[in-house]
Amino acid sequence: MTVLVTSPPNSPGAPPHRHSGPAYGYVIKGAINFELEGEPARVVRAGEAFWEGGGDQIHYQDGNHLADEESAFVVTMFCAPGQPMLTVVSPEELEARRDRRAPQS
């Protein structure tokens, strides 16, 4: 599945989630906050790409980094057969796995 995701200024994006298969994307406008479990948060800007392996890894952030303009990215996601494309992670699981999240600055 390939989708265009647009985020208004200051949008937090999707809640923490995981994908059943790999996903890759390309920021076409603005900048997004991007954070995967075990990796430090970073900003991905227009013209840059991102990748996540999917499976068990939690995707913590994909919100708009900008306070005054819209950001947008195109993402292609591969779904494992019979599995949902995106699963929101429960607060209990986030707490249980908090030691796997990179320190926040």
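**Figure 1. Salt bridge between Arg100 and Asp56.** The side chains of Arg100 and Asp56 form a salt bridge with an N to O distance of 3.8 Å; a salt bridge here is a side-chain nitrogen of Lys or Arg within 4 Å of a carboxyl oxygen of Asp or Glu. Arg100 lies in the segment after α1 and Asp56 in the loop between β6 and β7, so the pair ties together parts that are 44 residues apart in sequence. Helices (H or I, at least four residues) and strands (E, at least two) are DSSP runs, numbered from the N terminus. Arg100 is partly exposed at 42% relative accessibility, and Asp56 is partly exposed at 46%. Buried stands for under 20% relative accessible area, exposed for over 50% and partly exposed for values in between (1.4 Å probe, protein chains only). The model is predicted: local features need pLDDT of at least 70, side-chain atom pairs count only at pLDDT 80 or more, and totals for chains, interfaces and linings use all residues. Residues are numbered from 1 along each chain as its sequence is written, and side-chain values use heavy atoms, with hydrogens and water left out.

**Figure 2. Salt bridge between Arg97 and Glu37, and the network that includes both residues.** The side chains of Arg97 and Glu37 meet at 2.6 Å, N to O. This pair links distant parts of the chain, with Arg97 in the segment after α1 (91-96) and Glu37 in the loop between β4 and β5 (42-45), 60 residues apart. Arg97 and Glu37 are both buried. A network of salt bridges links Arg18, Glu37, Asp56, Glu93, Arg97 and Arg100. The salt-bridge count comes to nine.

**Figure 3. Salt bridge between Lys29 and Glu70.** The N to O distance between the side chains of Lys29 and Glu70 is 3.3 Å. Lys29 has a relative accessibility of 39% and counts as partly exposed. Glu70 is also partly exposed, with a relative accessible area of 34%.

Figure 4. The relative accessible area of Ser7 is 4%, so the residue is buried. Leaving aside neighbours within four places in sequence, Ser7 is in contact (heavy atoms within 4.5 Å) with Asn64, Glu70 and Ser71.

**Figure 5. Aromatic cluster of Phe34, Phe50 and Phe73.** A search of the whole structure finds three aromatic pairs. Rings of Phe, Tyr and Trp (its six-membered ring) pair if their centres lie within 6.5 Å; planes under 30 degrees apart count as stacked, over 60 as edge-to-face and the rest as tilted. One of the pairs is Phe34 with Phe50, which is tilted, at 4.8 Å centre to centre and 40° between the planes. Phe34 is in strand β4 (residues 31-36) and Phe50 in strand β6 (residues 49-52), so this pair ties together parts that are 16 residues apart in sequence. Phe34 and Phe50 are both buried. The ring centres of Phe50 and Phe73 are 5.5 Å apart and their planes lie at 80°, so this pair is edge-to-face. Phe50 in strand β6 and Phe73 in strand β8 (residues 71-77) are 23 residues apart, and their pair links distant parts of the chain. The relative accessibility is 5% for Phe50 and 4% for Phe73, which also counts as buried.

**Figure 6. Arg101 over the ring of Tyr60.** The charged end of Arg101 sits 4.1 Å from the centre of the Tyr60 ring. A charge sits over a ring if NZ of Lys or CZ of Arg is within 6 Å of the ring centre and within 35 degrees of the ring normal.

**Figure 7. Leu86 in strand β9.** Strand β9 covers residues 86-88 and includes Leu86. At 39% relative accessibility, Leu86 is partly exposed. The C-alpha atoms of Leu86 and Ser20 are separated by 6.8 Å, while the two residues are 66 residues apart along the chain. Not counting residues up to four places away in sequence, Leu86 touches His17, Arg18 and His19.
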